[in-house]
Amino acid sequence: MADLVAAAANGDRQAFDEVVKATYADTYALALRLTANEEDARDVVQEAYLRAYRGLKRFRGDAAFTTWLYRITANCASTQLGRRNRHRHEDLDPEVLDVRDQRPDNDPQARAEAALLRGRVSEALQALPPRLRAVVILRDVYDLPHEAIAAELGITEAAAKVRLHRARLRLRAQLFPTRGEREDDAHAV
Amino acid sequence: MQCDQLSPLLAGVVDGSAVMDLRSSEHVASCLRCQAELAQYRRLLRSLRHLRDEPVAVPADLLASIGARLDRYGTPRGGPWGRRVAYAGALAATAAGAAGAIAIVATRSRRLRLAS
């Protein structure tokens, strides 16, 4: 990958095409998780690769290329979500993140429970407001540092930490509601 | 120490981003409710980390559309050689344009001379 990236940075478009081929599925998965919308995710991925290609000379190689690409994708998704909020209502597709665990596991029951929980986590993520969702996905799913998350989302590091905290509180409350939280939900309905 | 006071802190304790003081640690060590909540945060974090490996259905035409976008706004396929061809083409077009402009100016000045 490093050789391909270096060649692409020198203007070798074929090398960049190979980089795209190797990474686009993961990049799309991130974009889809951030936007919760297939059409937006597609736009975000296209824009992210265009920006990456134009900015390859600035890639210093001190981080993994994919981490750099994830940061660009997060920035593009943030822009896209801002644009979407200005122009149209958010239209969440409940099927969009219907992912299945295809890895083998020796314990079918544990595997089933873990897959079930991951499915519920995906749904709970989609129910979060986009600004909380972005931070928890970038930090807890993609392991980006707070500093990078703050830079790409255009917020302070302190704000990123507060959002992450709020997102975790909400996710826990939704996935493992206590008796009091369940009663609150029932009253809300 | 009340569980409700400690509860918000547990969301950060789970990955070390928040630290409990001695009194809080002692409370959690003896409180089943707080231990259960901490375990829930651990499960949540584990699930979130595994999400990255979950396959997502990728549109069949996505790769082609990325390529098309790069073709449109980035550098066309062919790398440095492609750029050299484009550069040569641009030079030729500029030269042709300049020649055309000179011809037009020459024609106009001849017409002006004839008219006067």
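**Helix H4 of chain B**

Trainee: How long is H4(B), and what span is expected at 1.5 Å a residue?

Mentor: H4(B) has twelve residues and reaches 17 Å from its first C-alpha to its last, close to the 16 Å expected at 1.5 Å a residue. The expected span is 1.5 Å times one less than the number of residues, and helices are DSSP runs (H or I, at least four residues), numbered from the N terminus. This is a predicted model, where local features need pLDDT of at least 70, side-chain atom pairs count only at pLDDT 80 or more, and totals for chains, interfaces and linings use all residues. Residues are numbered from 1 along each chain as its sequence is written, with chains lettered from A and ligands numbered from 1 in the order in which they are written.

Trainee: Which residues of H4(B) are buried?

Mentor: Ile66(B), Gly67(B) and Leu70(B). Buried takes 20 or more other C-beta atoms within 10 Å of a residue's own, exposed 12 or fewer, and partly exposed is in between, with C-beta atoms placed from the backbone.

Trainee: New topic: how many residues of chain B are in contact with chain A?

Mentor: 35 residues of chain B, with 36 of chain A; contact puts C-beta atoms, placed from the backbone, within 7 Å. H3(B) gives the most to that side of chain B, ten residues.

Notes. Two residues are in contact if their C-beta atoms, placed from the backbone, lie within 7 Å. Helices (H or I, at least four residues) and strands (E, at least two) are DSSP runs, numbered from the N terminus.
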